[in-house]
Amino acid sequence: MNLNNLLNTNPEYKEGNLPIALYKNNMQASKGNTESYYARVISRGTCTLENLADDLVLAKNDFGLSTSQLVAIAKAFNAAKLARISEGFTVDDGVARTSAKVEGSFLSENDTFDAERHTVSLAVSPVAKAKSQFSQLRPVIRQGNSSHPTIMAVYDLESQGGEILSKGGFLEITGTKIMIIGDHGDVGLYFENQDEPDNTVKLTADKLGTNTSTRIACVVPATLEAGNYKVRVTTQFLTSKTQRKEPQSFTFNTIFTVV
């Protein structure tokens, strides 16, 4: 597979820049300054095997295969990789080296593995080619040391993921400056229907179980119609003691499905 061909394409999603946000570091000040900031990559959503297959088709680097055929091959490779890793191999797939690791303390050299005390997870490290490509990236600050609200993650407890909204289930939203507060009529947590905008549902602050500057928890409205949604916060929050005059909004980039 010639990845250079794919990198030279210009799909709609591809801007060529890694979006990052800067946040004030309250734990450590930089040398010679009263404050410093740390960076986080702004998530543009989850990319599935189907998305990757579509990229290859768009780049005309699909070997004459359909999206479904490419996905089937990718799933077969993933199964083979997991099997090798489970047997103690380190798999180098051209992007990262992945191996199994065991975590948890053993009581003696004769102790045995105990699922209640020990876990098996993955150790992942980028290969030289990936490191070389990363070294050429020039991240662009999209939300920086500003006062804008920023959603970092949305987690649906019922589906245990970030792609489905389960009506009547528990939803957790994390970020910065996302507290829903203010007397402006637009302030609220929105579930924006991407297919039928008129079916967008708004929750006011009194409908939220948790509502802080970094975390919002609520029940997914049972009134959501089936379709595709984005989550948006609109708030006048500025600091713990101050509200802005006009509300600011942030829409999380991931599209969620309601069935």
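Student: What is the order of the strands in the open sheet of four strands?

Tutor: Strands of a sheet pair through backbone hydrogen bonds, in either a parallel or an antiparallel sense. In this predicted model, the open sheet of four strands runs β7-β8-β12-β11, with antiparallel pairing. Two strands pair if DSSP finds at least two bridges between them, and strands are DSSP runs of E with at least two residues, numbered from the N terminus.

Student: Which strands stand at the edges?

Tutor: β7 and β11 (210–211) do; each has a single partner strand, so one side of each lacks a neighbour in the sheet.

Student: How many bridges join β7 and β8?

Tutor: Six bridges link β7 (residues 150–156) to β8 (residues 170–176) in the antiparallel sense. Within that pair, A153 has T174 of β8 as its bridge partner.

Student: Which residue of β12 is the bridge partner of T174?

Tutor: That partner is R215. β8 and β12 (residues 215–219) pair over five bridges, in the antiparallel sense. For β11 and β12 there are two bridges, also antiparallel, and N211 has I216 in β12 as its bridge partner.

Student: What describes two packed helices?

Tutor: Two packed helices are described by the angle between their axes and the distance between those axes. Here α2 (residues 49–58) and α3 (residues 67–86) pack at about 125°, with axes 9 Å apart. Axes are lines fitted to C-alpha atoms, for helices over the stretch in contact, and angles run from 0 to 180 degrees between N-to-C directions. The angle makes α2 oblique to α3 (under 35 degrees is roughly parallel, over 145 roughly antiparallel, 65 to 115 roughly perpendicular, the rest oblique). Helices are DSSP runs of H or I with at least four residues.

Student: Which residues of α2 meet α3?

Tutor: L49, E50, A53, D54, L56 and V57 in α2 meet T67, L70, V71, A74, K75 and N78 in α3, where contact means heavy atoms within 4.5 Å. The residues of this contact divide into seven nonpolar, two polar and three charged.

Student: Is I20 buried or exposed?

Tutor: I20 counts as buried because its relative accessibility is 12% (buried is under 20%, exposed over 50%, partly exposed in between, with a 1.4 Å probe and protein chains only). I20 is in strand β1 (residues 19–25). Its C-alpha atom is separated by 9.9 Å from that of Y38, 18 residues apart along the chain.

Student: What conventions apply?

Tutor: Residues are numbered from 1 along each chain as its sequence is written, and side-chain values use heavy atoms, leaving out hydrogens and water. Local features need pLDDT of at least 70 and side-chain atom pairs count only at pLDDT 80 or more, whereas totals for chains, interfaces and linings use all residues.

Conventions:
Nonpolar A, V, L, I, M, F, W, Y, C, P; charged D, E, K, R; others polar.
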